[in-house]
Amino acid sequence: MSKFLRVKCSCGNEQNVFGHACRRVDCLVCGAALAYPSGSRVRVAEGAKVLKVLN
Ligand SMILES: [Zn+2]
C-alpha cells in the first residue's frame, strides 16, 4: 500500500510526499523541510500543510 500526501509548503509550492518516507523531504523550490520520518508514517513539518491524501 503506497500513500502519498499532497503537501503545500509555506512558500506556496505543492508537492507529493510519500506517506512512508524514510528520509526528510525538502521543498523543491525553497529547500525548507516539508516532512520528517516518524515511525511508520511521516510527520509534516511546521509551516507545511497537508492538502489531501492520495491513494
Ligand atoms: Zn517551499
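Residues are numbered from 1 along each chain as its sequence is written, and side-chain values use heavy atoms, without hydrogens or water. Because the model is predicted, local features need pLDDT of at least 70 and side-chain atom pairs count only at pLDDT 80 or more, whereas totals for chains, interfaces and linings use all residues.

**Exercise 1. Overall fold**

Determine which secondary structure elements the chain contains, and state how its radius of gyration relates to the globule rule.

Solution. Helices (H or I, at least four residues) and strands (E, at least two) are DSSP runs, numbered from the N terminus. On this basis the chain has zero helices and six strands, in the order β-β-β-β-β-β from the N terminus. The radius of gyration, taken over C-alpha atoms, is compared with a globule rule of 2.2 Å times the number of residues to the power 0.38. The chain has a value of 10 Å, close to the 10 Å that the rule gives for 55 residues, so it is as compact as a globular protein of that length. Along the principal axes, the C-alpha atoms fill a box of roughly 30 × 20 × 15 Å.

**Exercise 2. The zinc site**

Identify the protein donors of the zinc ion, and explain why their arrangement is classed as it is.

Solution. Donors are N, O and S atoms within 2.8 Å of the metal (3.2 Å for Na, K and Ca); water is not among the atoms, so sites may look incomplete. The SG atoms of Cys-9, Cys-11, Cys-27 and Cys-30 qualify, lying 2.3 Å from the zinc ion. Along the chain the donors follow the spacing C-x1-C-x15-C-x2-C. Cys-9 is in the loop between strand S1 (4–8) and strand S2 (14–18), and Cys-30 is in the loop between strand S3 (25–26) and strand S4 (33–38), so the pair ties together parts that are 21 residues apart in sequence.

For the geometry, four donors count as tetrahedral if all angles lie between 85 and 135 degrees. Here the four donor atoms subtend angles of 106 to 113°, which makes the arrangement tetrahedral. The ideal angle for four tetrahedral donors is 109.5 degrees.

**Exercise 3. The core and its surroundings**

List the residues of the largest nonpolar core, and describe the contacts of Val-25 and Cys-27.

Solution. A nonpolar core is a set of buried Ala, Val, Leu, Ile, Met, Phe, Trp, Tyr and Cys residues joined through side-chain atoms within 4.5 Å. The largest one has 11 residues: Leu-5, Val-7, Cys-9, Val-17, Ala-21, Val-25, Cys-27, Leu-34, Ala-35, Val-42 and Ala-48. S1 and S4 each supply at least two residues of this core.

Contact means heavy atoms within 4.5 Å. Val-25, found in strand S3, is buried at 17% relative accessible area. Leaving aside neighbours within four places in sequence, Val-25 contacts Gln-15, Val-17, Ala-32, Ala-33, Leu-34 and Ala-35. With residues up to four places away likewise not counted, Cys-27 touches Cys-9, Cys-11, Asn-13, Gln-15, Ala-32 and Leu-34. Asn-13 lies in the loop between S1 and S2 and is buried at 17% relative accessibility.

Note on methods. Four donors count as tetrahedral if all angles lie between 85 and 135 degrees; four count as square planar and six as octahedral if opposite donors are over 155 degrees apart and all others between 65 and 115; anything else is irregular. Buried means under 20% relative accessible area, exposed over 50%, partly exposed in between (1.4 Å probe, protein chains only).
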